Each structure stands twice: as C-alpha cells, then as structure tokens.
Amino acid sequence: MTTLDEGLDPGLEHGEPPVTTTDEQRARGVTPSSLLPTLPGRTYVDPAWFAAECEEIFERDWFCAVREDDLPNAGSFRTVTVGRESVLLTRTRRGEVRAFLNVCRHRGARICTEDAGEKRRNFQCPYHAWTYDFEGKLVAAPNLTSMPDVDRVEFGLKRVAVHSWLGYVWVSLAPLAGEEPPSFADTVEADLAERLGSLEPLAAYDVGSLKVGRRITYDVAANWKLIVENFMECYHCATIHPELTEVLPEFADGLAAQYYVGHGAEFGEEVAGFTVDGTPGFDPLPGMTDDQDRRYYAVTVRPQVFVNLVPDHVIWHRMYPMGPDRTVVECDWLYAPGVVEAATGDDADPAMAARLDASVELFHRVNAQDFEACERCQPAMGSRLYADGGVLVPSEHHIEAFHAWVRDRVEGQS
Amino acid sequence: MHHLCALDDVVPGEGLRVTTTSPPVAVFRTDDDEVYVVDDTCTHQDASLADGYLEGCWVECPLHESRFDLRTGAVDQPPAKRGVRTHAAQVVDGQVWAELSTDAPNLPPGVAGSTAVASGVTA
C-alpha cells in the first residue's frame, strides 16, 4: 500500500494527468501530487455509512437481481438481498416476472427462506399460513372469511418495481420510499453507453439470448466499494493476474480497459481465445464485428454490476452487498445456447466441455485473485493509518468519479 | 331447494363461496362443467375451500393441502381428518340450486354454523 510521506519531494516532476491536491493533503504539506485521495477508511467499515448506502443507493437504484432464466416456470422463485431487504422474485401464471418484499404482511415472517425453488400453488407463510398467489394477492388465511374488511390486494405481498433487460431482471425499491424508480435509460443503460461509446456495440453479443454455461458464487469478506474499485483499475493486473495479462498483454501497462471510452483490450498475437491458457474458445458470437473480435471490454454498471465482453462469451457479475465487510458476488458465464447444450447438456461433447472449463477458468482465477486482494484490504480499512483513506495513482484517477458519486448519493454533496 | 347463484358467476375450474346459507357453501364448476356444492369451510381450520385449488372433482384446501372429493366429501390426507359435508346440486336454466343436507356439518373448532338458511330464496 502506498502512503504519503511528509518528506515527499514537493518539487517532484510528474507526467500526465494534471496534478490535483486535496485540502487534506495540503494540510499535510503534500503538494503537488500525482496522487488523489480515496474515500476515508470509515466508509468501508462503518455500519451507519453502509446503512446510508443501502437507503440511498441499493434501495433506490435499479439493482440487477437475477437472470430471467432463473425463473423458468410459474412459481419458480429466487430470493436475493437488496440493501437491507430480502426480495422474492417469481413468475406468474401469465409468464410475467414479479418482485415482492419477502415479508409476510401479517407478523413479518420471511415467506421464503430458500435461495431458490419452485412453488406449486402459492407462497405460504410458514408461521400462520397466510397464503399469497404468484401475483402477491392474499388468497387465503385462517379465519380470513370472517375478516371481510381485510382487502386481499392491500394486504398482499408488497411489490417492488421490475425491469427486464439483456436477460436480467433489475428491481427498484424506490416505490417503498414513495418515489418513482429512476429512469432505466439514464442510469443502467447510460453507464454501458458511456463506457462503450454507445449501446450499439452491445448488439454484437445479443446478451439476452445467451445461456448460463457456468455460475460461480463468491462470498467475499470485503466492502462492495473495494470490489468496484478493483474492477475499475488495472494497476494491479501485472502483479496478481498472470493468466489474464498473458491473454491481454496491454494490461501490463496498468491502464484498464475502463480507462478509455470504447476501447477493448486486444488479445495477444499468440492467443487463440479468451481461455486460461490462450487455447481456442468457441466460435465468435453471430453478431461479432471485426472491430470487436479478439478484444475484451469491461463495463461497471452502478451500483453493482460488472459486464465483461469477449468475442465468444459474456461474463456478468452481480454483487449483493450484505454488510460493510461482506459482499456476495454471483458471476455468470454466458454462451451461445448451442455451446451450452454441447458442453453441458445430457449428450455433452467432452471436447466442448473441456473448452468451457478452460474458458471459465480464466476469469474464475481473475475473480479469485481480485477477491483475495479485496479481502487483504478490508481489515486495514479500520486502521488509524487509513482514517483519511489511501491514494489513487494516475492510472486509477478515474475511480475518483465513482467515489464522488458515492459521496454525492450518501452525503448529498460531491 | 336453495338457490345459490347463477352458473355464470362461477369460473370454470374454480369455486365460489356463497354466504346465503349457514354455514356458507362453496359451488365448484369443473373444467368439464360439472357442478358440485359442499360446505365452504375446511374441516381442519377455518379456511374457504372456494379459495382452494380444484383439480378434477377434488378440491385442495388453500392452507394445509388436505384434499376433498367433491362427490362424496371424503378427505384424502391430514391435517383434516373428517370429510366435508356435500349438498345435492342442480343446474336449472343457468341457475345453481342445491338440496341442503340435513346432516350435521363437520366444522372446525371455533366456527359456528347451523343448517338453517340464513337468507335468500328457497323453493
């Protein structure tokens, strides 16, 4: 970890980008500097700060909850943690996706305690058997007929907003605060468009049509912001990602794909595919353009999604912040339906299965390497040394925009 | 005979609770357009069988999955232990009527009921 030192030569010459110095740094006599401050340490450990992030960010913004394919049938369900709430997602008999707070309207018991499953008839609270249909309506309860004043819709499960895009279901809990959900186009779509230059490059991947070839869930003992910051920079790549840097040699320069608009990191000349050992992956997705072929694009979609685009698959991370020091990350490897069938179906081809393994293994290692690094930082976030935070080197300066966004949302100022 | 409802009031494949009798009854209309009338209250706990799930000529209580044969009232599995009382149904000119049973109803604890007609038309 880099720390500023009072003895730093103030006359040190620095190159691009322009130097910026905070008041706090000036107070310590450090000026000028190539280094920008991070957020203060307490924002990574303080339960009150985390609660404010939940209230202002995760319980308001569009939050990527599940893959639509996770809800194949009427009554299929998943439960996910969104901010401080448990959200129950299901599919109605008419085939529509619904999301509810996973809280019984009667005495507050959790309706579903499983992460996933399929209900035959309804959702029934295991405490007093208040029973709700897949639209959330209260359909039965002991003695309900003798309480005709109890409106079955009003006392149905509390609905939250849903929006499906690219094969994922986003939810917004803004209605619980009496607010309209934010514009999906101005938030989720805008983050993708800003990084890719527009939404047009997404068409080549047709993400909504892809199938999950592998899903790995990581339980990470680190604050969600450490994971975002890690994903946004590549200063660490040459140190902790040997396999990735072999495939994407330009990552050794420390400038992440996310540093530039519309830039995809090019595969090395000797590299056949985006696999752990550079062996061939699968055929490029049908819409792949020459510009996008043999390149890796990475996008952070606030607040909790990372999208990785390579010619033959898409790697899609969803974070579920569980507390100041714990984040569950669900990572999907998405491939063309034919690839998933050939590599994982009942009559799987062993050669295709091996290719899928080599394909998944690359970013699984990257994930494990990144999350280990984040877990290495988390315990120090409460250190007195880190009270004012750490520093960002020039190739990390773009992370300051993320920090400003968090501060703006939590404190209402940037 | 007691008039319960119009046949069109009952969606095929579902049930309708009728409260002009005491205790209330449920009119079920199967997908094959058969009509059955039974006491609406589950014999295990106070729940409306009309809110349950009709499959063939069986209805499953919405609360605890005991199922009742609408032809005989017999129950298939606990927690309900007693059958539900059945009433002879007739559809005449699009109207559903029933000959209300004079047997004692099998009501769950805490639910009052008699075989007397609370209101409505009798013939």
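In this predicted model, strands β2 (14–18) and β5 (53–55) of chain B each supply at least two residues of the lining of the second largest pocket. That pocket has a volume of about 570 Å³. Its lining consists of 20 residues, and those nearest the centre are Asp133(A), Val139(A), Glu14(B), Asp51(B) and Tyr53(B). By class, the lining of the pocket divides into seven nonpolar, four polar and nine charged residues.

Rolling a probe the size of a water molecule over the atoms shows where empty space is left. The count comes to four cavities of 30 Å³ or more. The second largest cavity holds about 50 Å³ of space. Helices α4 and α8 (350–377) of chain A each supply at least two residues of its lining, and α8(A) gives the largest share, four residues. The residues that line the second largest cavity are Ile227(A), Asn230(A), Phe231(A), Phe306(A), His317(A), Phe363(A), Asn367(A), Asp370(A) and Phe371(A).

| Space | Volume | Nonpolar, polar and charged lining residues |
|---|---|---|
| Second largest pocket | about 570 Å³ | seven, four and nine |

The buried residues of α9(A) are Ile399(A), Phe402(A), His403(A), Trp405(A), Val406(A) and Val410(A). Seen down the helix axis, these buried residues fall within an arc of 160°, so they line one face of α9(A).

The length of α9(A) can be checked against its residue count. The helix runs over residues 399–411 of chain A, and at 1.5 Å a residue its 13 residues should span 18 Å; the end C-alpha atoms are 18 Å apart, which agrees. After α9(A) comes Gly412(A), with a positive phi near 70°.

Is Leu385(A) buried or exposed? Its relative accessibility is 59%, so Leu385(A) counts as exposed, the cut-off for exposed being over 50%. Leu385(A) and Asp291(A) are 94 residues apart in sequence, and their C-alpha atoms are 46 Å apart in space.

Definitions and conventions:
Residues are numbered from 1 along each chain as its sequence is written. Chains are lettered from A and ligands numbered from 1 in the order in which they are written. This is a predicted model: local features need pLDDT of at least 70, side-chain atom pairs count only at pLDDT 80 or more; totals for chains, interfaces and linings use all residues. Side-chain values use heavy atoms; hydrogens and water are left out. The expected span of a helix is 1.5 Å times one less than its number of residues. Buried means under 20% relative accessible area, exposed over 50%, partly exposed in between (1.4 Å probe, protein chains only). The arc is that of the directions from the helix axis to the C-beta atoms. On a 1 Å grid over the protein atoms alone, a cavity is a set of points where a 1.4 Å probe fits but cannot get out, and a pocket is an open set with protein on both sides within 12 Å along at least five of seven lines; lining residues have an atom within 4 Å of a point. Grid points are joined across faces, edges and corners, and a volume is the space filled by probe spheres set on the points. Ala, Val, Leu, Ile, Met, Phe, Trp, Tyr, Cys and Pro count as nonpolar, Asp, Glu, Lys and Arg as charged, and the others, Gly among them, as polar.
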